[in-house]
Protein chains: 2
Amino acid sequence: MASAMPLPAATLTITEVAERTGLSRDTLRYYEKAGLIDAVGRSASGRRRYAAADLDWIDFALRLRDTGMSIADMQRFAELRRGGDSTTAERLAMLREHRAALTRRIRDLEANGRALDDKIDHYEGLLEDS
Amino acid sequence: MASAMPLPAATLTITEVAERTGLSRDTLRYYEKAGLIDAVGRSASGRRRYAAADLDWIDFALRLRDTGMSIADMQRFAELRRGGDSTTAERLAMLREHRAALTRRIRDLEANGRALDDKIDHYEGLLEDS
DNA sequence: GTTTGCGGTGGAGTGCACTCCAACTTCTAG
DNA sequence: CTAGAAGTTGGAGTGCACTCCACCGCAAAC
């Protein structure tokens with residue numbers, strides 16, 4: 001059955017991608033419209049057909065999002081990606097900066113976690129005395 | 001000059017609290033209006049006078065906020081506080097749950113951080129070969 | 001072939017957490 | 001006493017990241 005087709009056999013519909021990523025179909029379309037996901041391949045009738053490369057990029061973009069990168073910055077990164085090899089250094093710089101911010105964020109969260117633990121200890125003490 | 005005044009000597013104006021906490025004056029008023037900060041003492045002419053206890057609570061509320069607690073949940077916690085000792089167990093339960101969520105969040109961020117590191121390594125490899 | 005339903009588009013609407021504004025009062029410095 | 005800075009309130013406006021809607025075309029199942 002394998003033959004020379006325009007699309008590389010295994011592509012997913014928007015609903016399948018939504019299920020795999022946890023994003024809604026609307027959000028997938030919104031991301032694409034925003035230039036955050038490169039234009040996805042279409043079937044003859046104009047329906048989105050997500051390829052493996054699309055899924056890899058979406059997964060990575062979600063890591064950026066989940067670590068607090070704004071849509072605007074993700075757009076910037078996606079734009080650099082479309083710019084090809086000449087933008088590698090700039091993309092690396094963005095990632096390094098984002099990584100550093102993430103490290104600081106984790107450190108702050110851990111400090112706040114310790115303060116929370118103290119407060120929890122305090123409340124536990126109150127309950128024992130009652 | 002020390003005398004028997006209704007307010008315990010050392011109180012701060014809204015601008016001073018804004019400077020100390022990094023919140024804007026508008027945000028401090030918004031939090032109070034939302035019931036997130038208990039009604040703050042007022043001067044004879046109706047101006048807010050923040051006492052030490054107010055500052056302590058604001059500091060703690062900011063830790064809740066910075067660790068991702070919603071305004072709605074912070075309102076709930078503040079309401080329990082106003083409910084007095086009988087709400088201690090419920091407040092403790094909220095804090096424990098929030099702490100558990102924070103632990104999960106930190107774990108996820110660390111995993112994403114490792115993925116970011118891998119991506120950064122990849123980009124560094126690309127740059128060396130050029 | 002028609003019903004059911006998935007997918008497309010453009011654009012409007014939502015929820016959250018602020019942020020700004022207008023109109024007014026009060027405090028402080030000169 | 002007066003100018004200007006700082007404070008008050010209620011309510012409107014903002015930015016972000018979605019989320020929903022109406023209406024249309026195409027597809028798949030019966």
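I looked up the buried residues of H4(B) and found Met74(B), Phe77(B), Ala78(B) and Leu80(B). Buried means under 20% relative accessible area, exposed over 50%, partly exposed in between (1.4 Å probe, protein chains only). Seen down the axis of H4(B), these buried residues fall within an arc of 155 degrees, so they line one face of the helix. The arc is taken from the directions from the helix axis to the C-beta atoms.

This is a predicted model, where local features need pLDDT of at least 70 and side-chain atom pairs count only at pLDDT 80 or more, while totals for chains, interfaces and linings use all residues. Residues are numbered from 1 along each chain as its sequence is written, chains are lettered from A in the order written, and side-chain values use heavy atoms, without hydrogens and water.

Next I turned to the largest pocket. I noted about 210 Å³ of space in it. A pocket here is an open set of points on a 1 Å grid where a 1.4 Å probe fits, with protein on both sides within 12 Å along at least five of seven lines; lining residues have an atom within 4 Å of a point. Its lining includes Thr67(A), Asp73(A), His98(A), Ala101(A) and Arg105(A). Helix H5 (residues 88–128) of chain A gives the most to this lining, with 6 residues. Helices are DSSP runs (H or I, at least four residues), numbered from the N terminus.

I then checked Ala101(A), which is found in helix H5 of chain A. Ala101(A) is partly exposed, with a relative accessible area of 32%. Its C-alpha atom is separated by 40 Å from that of Gly46(A), 55 residues apart along the chain.

Terms used: Points joined across faces, edges and corners; volume = space filled by probe spheres on them. Helix = DSSP H or I, 4+ residues; strand = E, 2+ residues; numbered from the N terminus.
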